[in-house]
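Trainee: Hi! Could you walk me through a structure today? I'd like to ask things as they come to mind.
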Amino acid sequence: MIPRYQRIIFWSLVGGIALMAAFLLHGCQQAHKRLTALNDATPIAAPTNTNTEDVTLAVANDADASISPNADQVALPQDPSLRARALLDHLLSTYSLPGSAHPLQSGPAVDDVFLVNQSPAPNAAVVISDNAAPVPQSQLAIVNLHDSFVDRHPSGILTEALTIQSIIGTLHFAFPAIKQVRFLVNGQPHDTLAGHADLLRTYPAADTTSHPRPPQLPPDTPDATTDTSTDATHP
Amino acid sequence: MITVTPLKSYNQPKALNPPLKLIAATIFLAALALKAQQPPRIVVLLDPAHGGPDAGAHLSGTLLEKDLTLSLNSRLRAALAPNNFGLISTRDSDPTVPFLTDQRAEIANRTHPAACLTLHATSSGRGIHIVTSALPAPREAADLPSPHAPIPWDAAQSASIPQSLRLANELGVALLHARIPVLLTQGSIPPLDNLNCPAVAIEIAPLSFSKPASINDAAYQQRIVQAIAAGLSSWRAHNPPVVPGASPNTATGAAH
């Protein structure tokens with residue numbers, strides 16, 4: 001005769017095993033769904049015969065908060081707006097590759113890029129010369145982001161600022177005529193990218209290449225933290 | 001003959017004995033010396049970011065950014081108050097209604113603090129990210145607006161950029177001394193551009209990439225708080241404050 005307490009322990013263990021098996025099965029299913037979504041290779045555009053071009057991408061790195069120019073070869077359409085969109089799609093897709101220094105989730109990112117010609121300032125001095133090269137008209141780029149890109153973007157000051165600077169820097173390298181950049185989300189103004197970086201302001205399109213320096217000791221003191229007025233202690 | 005004798009004055013204090021005089025003088029001088037040794041009192045504004053319906057980033061587990069920034073606000077108050085810092089917080093609890101960044105900037109610009117610290121947290125990256133405004137700094141004194149000119153709301157931080165960079169550097173040095181990785185960078189983060197005082201955003205990330213849960217570690221948070229307190233004390237020592245509220249400028253809602 002098996003004692004009652006042993007039977008209780010036995011069935012408790014059996015129940016625990018069943019629960020763990022169910023939990024494991026559920027986890028496997030979730031992981032499978034996630035991987036399937038990442039590997040969605042459905043063709044969404046007809047193939048075209050286009051030669052690849054050399055482009056420069058402003059690539060972000062979370063580890064040192066830097067933006068570095070990176071040469072790449074991409075096949076781009078001729079229309080400037082489509083070209084800008086394809087370029088940004090390529091840039092942002094590189095961030096979803098494994099081992100990216102600025103990891104973002106994959107998926108649609110840029111819906112449209114509108115290039116708006118801006119008239120020069122009315123009081124700007126105009127120099128007319130016979131052999132002068134035509135001055136390119138300055139442009140405003142309006143980048144219309146996909147809302148799912150905004151929803152999936154990691155939340156944080158640094159990561160959001162790097163994404164914005166990377167987009168602006170890449171546009172600046174490829175389209176020198178672009179002087180300003182604005183952002184929309186699904187065609188509407190949006191306050192921030194993921195809670196931090198301002199999307200309502202107009203950004204100047206400039207070279208965003210940067211390598212932040214580490215903090216420097218003030219020149220007048222050998223040790224900036226030797227103030228005795230605080231009880232803060234350093235390990 | 002009537003003789004008038006003067007009334008005894010009860011209000012006249014008794015003359016102190018010479019030893020008592022000496023002791024009183026010593027105590028007075030000691031108090032004066034102590035006061036002279038104390039660093040000047042400055043007001044620091046702490047802005048725990050997010051709050052209410054705006055939860056901010058979802059950090060490890062169920063931890064929300066708005067809760068962590070509020071906790072850091074309390075820790076910073078406890079660390080700074082004994083060191084002769086006047087402290088103002090934009091919020092001390094979780095509001096029930098949205099608390100906009102413009103409202104936070106209004107509080108800061110009304111109180112004329114010597115420094116503004118906006119507190120954030122993230123699960124990406126590592127260490128501490130100290131962010132200053134990306135607005136261009138004035139190149140020369142002539143670029144500064146006249147003292148009575150209205151300041152555009154979206155560029156209120158511009159005149160304070162050099163001081164903000166020095167503040168960020170001092171905080172960064174103190175964090176490095178505390179062996180906490182730190183990155184100094186710039187960005188357009190509301191409400192930094194709207195603040196009319198030396199201002200930085202301090203974003204707290206996990207201590208290392210392999211330990212995302214370390215952001216919730218009380219010991220790690222306390223190290224950060226102590227380093228920030230040391231950095232602020234150092235900044236106060238190297239940048240003696242002008243009289244708070246001396247600037248008559250007040251950021252206005254002028255649109256660009």
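Trainee: Let me start with one residue: is B:Gln222 buried, partly exposed or exposed?
Mentor: B:Gln222 has a relative accessible area of 27%, so it is partly exposed. Keep in mind that this is a predicted model.

Trainee: Which element does B:Gln222 lie in?
Mentor: B:Gln222 is part of helix H5 of chain B.

Trainee: Can we zoom out? How many helices and strands are there in chain B?
Mentor: Chain B has five helices and six strands. Read from the N terminus, their order is α-β-α-β-α-β-β-α-β-β-α.

Trainee: And what about chain A, how many helices and strands there?
Mentor: Chain A has four helices and six strands. From its N terminus the order is α-β-β-α-β-β-α-α-β-β.

Trainee: What share of each chain counts as buried?
Mentor: In chain A, 32% of the 235 residues count as buried. In chain B, buried residues make up 47% of 256.

Trainee: Which residues of H4(B) are buried?
Mentor: Among them are B:Ile161, B:Ser164, B:Leu167, B:Leu171 and B:Leu175. B:Asn169 and B:Glu170 are also on the list of buried residues.

Trainee: What covers the buried residues of H4(B)?
Mentor: The cover includes strands S3 (115–121), S4 (128–133), S5 (182–187) and S6 (199–204), along with helix H5 (218–238), in chain B.

Trainee: And which residue with a positive phi follows H4(B)?
Mentor: That is B:Arg179, with phi near 60°. B:Arg179 is placed in the loop between H4 and S5 of chain B, and at 61% relative accessibility it counts as exposed.

Trainee: Is B:His50 buried or exposed?
Mentor: B:His50 counts as buried, because its relative accessibility is 5%.

Trainee: Where is there a cis peptide bond?
Mentor: Look at the bond from B:Pro190 to B:Pro191, where omega is near 0°. B:Pro191 has its place in the loop between S5 and S6 of chain B.

Trainee: New topic: how many residues does the largest nonpolar core have?
Mentor: That core has 41 residues, and those with the most contacts inside it are A:Leu145, A:Leu171, A:Val181 and A:Phe183. H4(A) gives the most to this core, with six residues.

Trainee: What does A:Leu145 touch?
Mentor: Leaving out residues up to four places away in sequence, its contacts include A:Val110, A:Val150, A:Phe183 and A:Leu193.

Trainee: How many aromatic pairs does the structure hold?
Mentor: There are two over all chains. In one, A:Phe10 and A:Trp11 have ring centres 5.1 Å apart and planes at 75°, so the pair is edge-to-face. The pair of A:Phe183 and A:Tyr203 is edge-to-face too, at 6.0 Å centre to centre with 80° between the planes. A:Phe183 is in strand S5 of chain A and A:Tyr203 in strand S6, 20 residues apart.

Trainee: Are A:Phe183 and A:Tyr203 buried or exposed?
Mentor: Both A:Phe183 and A:Tyr203 are buried.

Trainee: Last one: which charged end sits over the ring of A:Tyr203?
Mentor: That of A:Arg201, 4.7 Å from the ring centre. In chain B, the charged end of B:Arg236 sits over the ring of B:Phe85, 3.9 Å from its centre.

Notes:
Residues are numbered from 1 along each chain as its sequence is written. Chains are lettered from A and ligands numbered from 1 in the order in which they are written. This is a predicted model: local features need pLDDT of at least 70, side-chain atom pairs count only at pLDDT 80 or more; totals for chains, interfaces and linings use all residues. Side-chain values use heavy atoms; hydrogens and water are left out. Buried means under 20% relative accessible area, exposed over 50%, partly exposed in between (1.4 Å probe, protein chains only). Helices (H or I, at least four residues) and strands (E, at least two) are DSSP runs, numbered from the N terminus. Contact means heavy atoms within 4.5 Å. A nonpolar core is a set of buried Ala, Val, Leu, Ile, Met, Phe, Trp, Tyr and Cys residues joined through side-chain atoms within 4.5 Å. Rings of Phe, Tyr and Trp (its six-membered ring) pair if their centres lie within 6.5 Å; planes under 30 degrees apart count as stacked, over 60 as edge-to-face and the rest as tilted. A charge sits over a ring if NZ of Lys or CZ of Arg is within 6 Å of the ring centre and within 35 degrees of the ring normal.
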